[in-house]
Structure formats: structure tokens, C-alpha cells
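Me: Please go through this model with me, one question at a time.

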Amino acid sequence: MSLSLHIKQFFSFFVEPLGFIIVLFTLGIYFLYAHKEHKAKLFLLSSFFFLLLFSYPPFANFLVTNLEMKYAKYDYKSDVHFIHVLGNGHNTDAMQPVSSHLSDAGTKRVLEGVILYKNIPNVKLIFTGYKGDTNTSNAMMNAKLALALGVKQKDIILNGAPEDTREEALFTKSVVGSKPFILVTSATHMPRAMMLFQQLGLHPIAAPTDFEKSEFKGYLKAPRVEALCRTQKALHEYIGILWGKISG
């Protein structure tokens, strides 16, 4: 993992829900021991408020829905020759089957890519993604699942070097040039991914998967850990979109 990625992950922790709450709580404890009760109450109550807000299902659903509604599912009408499946997390535990090596999001991305591959003639699958904390790249792990599902080896293009979406886009540009291609990633990630690819002059066609939004069933809901996770994913994407627009 490169130093720049470590730095990016370090700073992103403090502006995303869990890190933000921890910072507020820590400041509250500090002011409490410093006998500054007014500031201590302010930060401790703020940490509690944001914990409830970020864990509140309707709030989390609102955040992810705004991201996921931007691109509809793929309509199978485009004449393309490449499908790029973006990377996600994985493990290499030999005690687990290949179906368990990828993260939930990664598995759904590969499955969508394989479904598209089987429904569109003469296409190749592009898998990208670095090794993370393992000794095998995410691109290779994704390819293993695709091969197990019937994809031919000759139809797979791998690059295990990219550490983020922009690096994945740069590789795809070297492969497809200005030709249109299908881009497969999680629905919450799709707006940021499309922006980054288009900024580089590419012409991706969105094929979102791994949707997080759920059917609205009223506002009377208790905080849930699952909602906090959805909020985390959504805010990560909003921050990424903002940074992408600022950096150009």
C-alpha cells in the first residue's frame, strides 16, 4: 500500500461518521477532565446526537437513495466490447471457498459482470484492484470467482496495481481508449466512479449493483448498526465526489 493511500485513509477516517463521532467524544472527555463542563457537555451531547442521527435508518436511506437513483440498472442495449468490474475488499483464507473470498460488495460486482458477460457477445472482462493486506491482488481474486462461474480465461484482462478508482480508470483508458464500455460497481459508488472516468475522457456506461437503499416504512425507527454502515458508505462517497470536483 502506497504512502499516499495511507495518508488518504488516515484523514478520511476523521471526517467520516465513526471517526467524527470518536473525535467529538474524545474532546468531550478531555474537556471533562479539564473541568470545562460547558464544553464537555457540548461535545459529549454532540457525539451522542450524531451517533443517533447516523444510525437512524430513514436518514441513512435518504443518503444512499440520492446516490443510487442517479443511474438505473443496465438495459443490455449497448454494443460494447469491454466490461470493467471495479475492485473491492477480499481475503485469501485457504480454509474458505472462493465464494467467500470477496467482500459482499465485491461478490455482487463480479456476479453482475459475469451476468453481463453471458448476455453480451464478444466482450472481455476487466478486473482491477491491488492486494491490500494480502499477498494476492483483488483483481486476481475477482477473476478466480469469474472463472469458477464459467468465464473463459482468454476473455479476462487483469491489473492488480491500481489502489483507487482513478488509477483503475487510467488503466482502462489504456485498454479501451475512447470507445464506450460498461462500468460495474456498487450503486452508491457509481456517481463518483462515473465522474472520475469521465474526467479522464472515458465513455463509461453505468451498470450499478449492490444497492443499499430499502423500501421506506415510516420514520418511527430505532437506530441500527446497519444504518450506521450505510451512512458511512454514503458519506464516504459524498466526500469523494466533493474532493473529485475540487481536484478536477
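Reply: First, a definition for what follows: on a 1 Å grid over the protein atoms alone, a cavity is a set of points where a 1.4 Å probe fits but cannot get out, and a pocket is an open set with protein on both sides within 12 Å along at least five of seven lines; lining residues have an atom within 4 Å of a point. The model is predicted, so local features need pLDDT of at least 70 and side-chain atom pairs count only at pLDDT 80 or more, while totals for chains, interfaces and linings use all residues. Residues are numbered from 1 along each chain as its sequence is written, and side-chain values use heavy atoms, with hydrogens and water left out.

Me: Which residues lie nearest the centre of the second largest pocket?
Reply: The lining of this pocket has 13 residues. Those nearest the centre are Pro-57, Ser-214, Glu-215, Lys-221 and Arg-230.

Me: How many charged residues are in the lining of the second largest pocket?
Reply: Asp, Glu, Lys and Arg count as charged; Ala, Val, Leu, Ile, Met, Phe, Trp, Tyr, Cys and Pro as nonpolar; the others, Gly among them, as polar. In the lining of the second largest pocket, four residues are nonpolar and three are polar, and the number of charged residues is six.

Me: Is Thr-128 buried or exposed?
Reply: Buried means under 20% relative accessible area, exposed over 50%, and partly exposed in between (1.4 Å probe, protein chains only). Thr-128 belongs to strand β2; strands (E, at least two residues) and helices (H or I, at least four) are DSSP runs, numbered from the N terminus. With a relative accessible area of 0%, Thr-128 is buried.

Me: Which side chains make polar contacts with the side chain of Thr-128?
Reply: A polar contact is a pair of N or O atoms within 3.5 Å; within protein, one must be able to donate a hydrogen and the other to accept it, and residues adjacent in sequence count only if both atoms are side-chain atoms. Another, of 2.6 Å, is with Glu-168.

Me: What is the bridge partner of Phe-127 in β3?
Reply: Strands pair if DSSP finds at least two bridges between them. Strand β2 (residues 124-128) runs parallel to β3 (residues 156-159), with four bridges joining them. In β3, Phe-127 is partnered by Leu-158.
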